[in-house]
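Colleague: I'd like to learn how to read a model like this one. Could you walk me through it, feature by feature?

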Amino acid sequence: MSLTKRDKIPGRGTRRGLLARLRRDERGNTLAMMAAALIPMIGMVGSAVDISRAYLVKTRLQQACDAGVLAARRTMTGQSVANDTNAKTQATNFFNINLKTGAYGATVTPITVSDVAAADGTASGTIDGTASATVPTILMKIFGKTTITMTATCEAELQVSNQDVMFVLDVTGSMDCPAATPSCTNNNGVEATNSKIGAVRTGVVSFYDTLSRAMTGGSQLRIGFVPYSSNVNVGKLLPAADLVDSWTYQSRQKTLVNYSTSNSYNSWTTTSTGAWSSWSTSSTNTNVQQSSCSTPSSTTVNGSTTETSGTTTTDSSGVKTTPLTDTRTDTDSQYQSSWVKTGTDRFGRSIGTCTIQVQTRTRTEQRTGTQTQTPNYTWTYEPVTYDTSQYKLGNSVTTTTGSNQTDVSSTWDGCIEERQTVSNATFSTIPSDAYDLQIDLLPTDDTTKWKPAWETVIYGRPGLSAVTDTDNGSTNNLNDYFHPTSSNTYYACPKAAQRLAVMSHDDVYNYVNASDFKAIGGTYHDVGMLWGARLLSPTGIFSADNATAPNGEPINRNIVFMTDGDMAPNPNIYGLYGYEMLDRRVSGTSNTPTASDLKSRHNSRFSAICTAIKNLNITIWVIAYDQTMTTELQNCASPGKSFYAADDASLNTALQTIAEQIAELRLSK
């Protein structure tokens, strides 16, 4: 076989065969297509990888923002974060714990927090937070996208679901003093410029503002107050039927010793006159000179007096007045004389007979007069039962207990005496017949009803038996006696308590800044705590108001108890349990009350009351202000709810902390 010339051209046939074979061979097409698609595939995969990384950083960024803003809001001591360096620091710290610069390769811009303004332009208590992070890309940078930046916003606020808060506030005498000034304890009732009670006023208003701004739509915030010392002013919050109509008080009453009697008369007057009798010889004298025969003067002989008495009247001071009428019959006599000459005497003078004649008549006379009997009294110091039916209504009532046995008027101030108790030395539990310590027991009879305190009629005496003022004086002359309104002030009635109510800022401000919100009296913690519980309890005498909220949601109930002193009862105080030196309701009739024994007994009562309150699912917050946190106070508080405040600033911080913990901290964005 011979080749053509064309076939013999070197390399030409070989090239054509290779290309033809390549054209016909499809085995390399897949590689070419993959190469062509590689670039868009890199973009898609890189985007997914980088976006996934960015999403992870975004999630952590939001978590860190939320943590930071929550920490800042919980740390805030006021309504604004603008100048609260500590709150801002806490925001940064909690943010950094959750997301630090460099995590996932991101560059993080730290969180910043700011106030959210209320409608009036002031800080609302809600705070905003913003933060950002920049994540470098890995694959998307091939296409010019080198970073992805994300921003997180967050917001935190305090929100209140139904809350009842009862302030039980110590307003004893030492509250007039500044903190850390024990020498001010005898401040004579003059409130110092920077007094502790002034700090309480400020702190309570700030507390209210924090809670009220945390309110959510439809929720209810109610505030109540029980200022306490040795008594509480709660009587006028009670129906009149819950108070007795009579009660026996340690008092005094005047006792009659005798009367001083004096009579006074008008002049006698003639009421009837008889006729003159005929003349009759009264006497005859013979051999007398004519000059010696004179006519006697007329005479009157008074008869015996008969006295009759009219109706005796007695005035309000006990003086008796009796009208008198005296009657007598008088005999009037008048005379005439005659002389008859019978001769001459040896001196030649004429002598004769002198005859005296008389005639008489009777005459009736009367006079009127008055007999005055003035009583002489002494005081008998003893228990006296008084009618309280009008006194408890606020009407003025008069009692004869004033100096010189005079009447004095008094009107009830609203403080009370407690109902029946038992004089146990300790209380592990509250006995069923200790009606005074039963928080929810409704009054039905005089043993379970309360008694209006009546300091006007209260007087002391040396012992339990009745005592008579032996010198018959008109005033109290025994040094062992006292009256609560004398120079020895043993009675104190604080400002009237406030039942739970929806209150405005102005309502709260006006209550704690009123002139009668003042420091007075001694320290009885059990007195305040008992009545704080009664006003707050959902199952007691105010259950109709306290059991449910308008929105039907549960109610969180809180007592905020503040004191600046340890328990300090005094047997010579007239307080919630009467006059303990004589009534001995707490100490027992067989014991002479002492301050130390009473302190122990009242502390035991206080502890029992606190336990009973917590059993009602009520949270007790305790603030020991400018005084040691005693064991009794510590144990009274709910777990973790006790605070020590050394000064005014610490008190405000404690109240703010309590307000924030009562409110619920929530993320609002």
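Modeller: Happy to. Start with contacts, meaning heavy atoms within 4.5 Å. Taking contacts in the protein chain between residues at least 6 apart in sequence, 74% join residues at least 24 apart.

Colleague: What should I keep in mind about where the values come from?

Modeller: This is a predicted model, where local features need pLDDT of at least 70 and side-chain atom pairs count only at pLDDT 80 or more, while totals for chains, interfaces and linings use all residues. Residues are numbered from 1 along each chain as its sequence is written, and side-chain values use heavy atoms, with hydrogens and water left out.

Colleague: How many helices and strands does the protein chain have?

Modeller: Both are DSSP runs numbered from the N terminus: helices are H or I with at least four residues, strands are E with at least two. Here the protein chain has eleven helices and 25 strands.

Colleague: And how much of the chain is buried?

Modeller: Buried means under 20% relative accessible area, exposed means over 50%, and partly exposed is in between (1.4 Å probe, protein chains only). Of the 669 residues in the protein chain, 43% are buried. Asp84 is a case to look at: it sits in the loop between α2 and α3 (85–98), and its relative accessibility of 11% makes it count as buried. Its C-alpha atom is separated by 9.0 Å from that of Ala72, twelve residues apart along the chain.

Colleague: Now disulfides. How many does the structure hold?

Modeller: A disulfide is a pair of cysteine sulfur atoms within 2.5 Å. The structure holds four, and with the bonded cysteines numbered in sequence order, the pairing is 1-2, 3-4, 5-6, 7-8.

Colleague: Which parts does the Cys65 and Cys154 pair tie together?

Modeller: The sulfur atoms of Cys65 and Cys154 are 1.9 Å apart. Cys65 lies in helix α2 (residues 29–75) and Cys154 in strand β3 (residues 147–159), so the bond ties together parts 89 residues apart in sequence. Cys65 is buried at a relative accessible area of 0%, and Cys154 is buried at 2%.

Colleague: Why is that one called left-handed?

Modeller: Look at the torsion about the S-S bond: for Cys65 and Cys154 it is about -75°, so the disulfide is left-handed. For Cys293 and Cys354 it is about 75°, so that disulfide is right-handed. Cys293 lies in the loop between β8 (280–288) and β9 (299–301) and Cys354 in strand β13 (residues 350–387), so this pair ties together parts 61 residues apart in sequence. Their sulfur atoms are 1.8 Å apart, and both cysteines are buried.

Colleague: What about Cys610 and Cys636?

Modeller: Their sulfur atoms are 2.0 Å apart, and the torsion is about -80°, so this disulfide is left-handed. The pair links distant parts of the chain, with Cys610 in helix α9 (residues 595–615) and Cys636 in helix α10 (residues 631–636), 26 residues apart. Cys610 and Cys636 are both buried.

Colleague: Last one, pockets. How much space lies in the second largest pocket?

Modeller: Rolling a probe the size of a water molecule over the atoms shows where empty space is left. The second largest pocket has about 200 Å³ of space. Among its 14 lining residues, the closest to its centre are Ile430, Leu437, Ile439, Ala608 and Ala612. A pocket here is an open set of points on a 1 Å grid over the protein atoms alone, where a 1.4 Å probe fits, with protein on both sides within 12 Å along at least five of seven lines; lining residues have an atom within 4 Å of a point.

Notes
Grid points are joined across faces, edges and corners, and a volume is the space filled by probe spheres set on the points.
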